[in-house]
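Try each task before you read its solution.

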Amino acid sequence: MRILHIVTGLASGGAERQLQLLLRHLPAHQHCEVLALTNPGAVAAALRAEGVTVHHLGMRGNRDVGALPRLAGRIRAGRYDLVHTHLYRAGLYGRAAARLAGVRAVVATEHSLHAGVIEGRPVTRGVKGLYLAAERLGTTTVAVSRQVAGTLHAWGVPAARVELIPNGIDAARYRRPSADRAATRARVRAELGLPPGSWVVGGIGRLVPGKRFPVLLEALAGLDGAARLVLIGEGPERTALERRAAALGVRDRLVLTGERDDVPDLLTALDVLAAPSAEETFGLGVLEGLAAGLPVRHSACPALDELPPGAAPQARRIPSEAAAYTAALRDLRDRRRLDGHTTDPLPRPPAVGHYDIVRVAADLGALYDRLAGV
């Protein structure tokens, strides 16, 4: 089976990395290629290094309607059995082009959708209208959480056209023997300039307003001088975060790693993962923390909300407020020290196994086979 994944761009973002991860684990009989409408960045290079064919359409912007016939021609020439789109612009152009090219099985994954926001931008009447028009050209829309599926239903997308397949995590990458973990922790802490004996809070995600990382800066200011904050990710809010940290007097206790491919290694340096975002479509960073054996304090995680209460006992939900995080982090540090397990990883909870990428990719592969009539 020949499958073309169409994505708006291939810079290093959550949807793009999730696509890369899925391609590693889909069934062998499903041969996948990827096409970026624009910006074939770090993920494009990584995919090519893994042997995946990556095309670049060279689209000049949202209104480059001349891209539609070029895209349809590329799909037709590739003789694909199924087209799978990712992100808003790719969903609009990709589904239309796939139909023009005569592809009958057309899937779109909705990675980031709330009632009034899509991919971090407000949903206007025009945006919603275009989205629904394009959706009708597809076969199935994949929702990464029940929250996303609920929004699609509220918008009028029939339940029969929505398939719930969550994001996945490569659980095996976070599993390591105690000696290896201890050595990695020491190496990474030295690399990041973390003083011996420091207690390290971490956050994962794009440096954008929605992640609410200033909450963690304010919480850091309320902790003693041994506490450090490590933010793993890059984004437009980097300078604003640096300025806010300086104003709070904690700039020397903040480490910004930038975009990294070694997130499992970086997580060994942490003592707790904190996720103050008040609104998420899934909550992948929370699951990464759990997979690494960290206690987690978070404010929104649909991935955990959809599981039984005992699926992640080391995760606690708290309000997205600085005072709440200060109190929760101080309490956790004191209890871990009293227990004598400051650096020991916690047992892997059932939630991590539930969202293992091997299981998720198998479900997606089964959907492909069903839609393509295999």
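**Exercise 1.** How many bridges join strand β5 to strand β8, and do they run parallel or antiparallel?

*Solution.* Before you start, note that this is a predicted model, where local features need pLDDT of at least 70, side-chain atom pairs count only at pLDDT 80 or more, and totals for chains, interfaces and linings use all residues. Residues are numbered from 1 along each chain as its sequence is written, and side-chain values use heavy atoms, leaving out hydrogens and water.

Step 1: find β5 at residues 105–110 and β8 at residues 140–143; strands are DSSP runs of E, at least two residues, and helices runs of H or I, at least four, numbered from the N terminus.
Step 2: count four bridges, with the strands parallel. Pairing takes at least two DSSP bridges.

**Exercise 2.** Work out the strand order of the open sheet of seven strands, and say which strands stand at its edges.

*Solution.* Step 1: the order reads β3-β2-β1-β4-β5-β8-β9, paired in parallel.
Step 1: β3 (54–56) and β9 (162–164) are the edges; each has a single partner strand, so one of its sides has no neighbour in the sheet.

**Exercise 3.** Which element gives the most to the lining of the second largest pocket?

*Solution.* Step 1: 18 residues line this pocket, with Tyr174 and Arg176 among those nearest its centre. (A pocket is an open set of points on a 1 Å grid over the protein atoms alone where a 1.4 Å probe fits, with protein on both sides within 12 Å along at least five of seven lines; lining residues have an atom within 4 Å of a point.)
Step 1: α7 (178–192) and α10 (263–268) each give two or more residues.
Step 2: α7 gives the most, with four.
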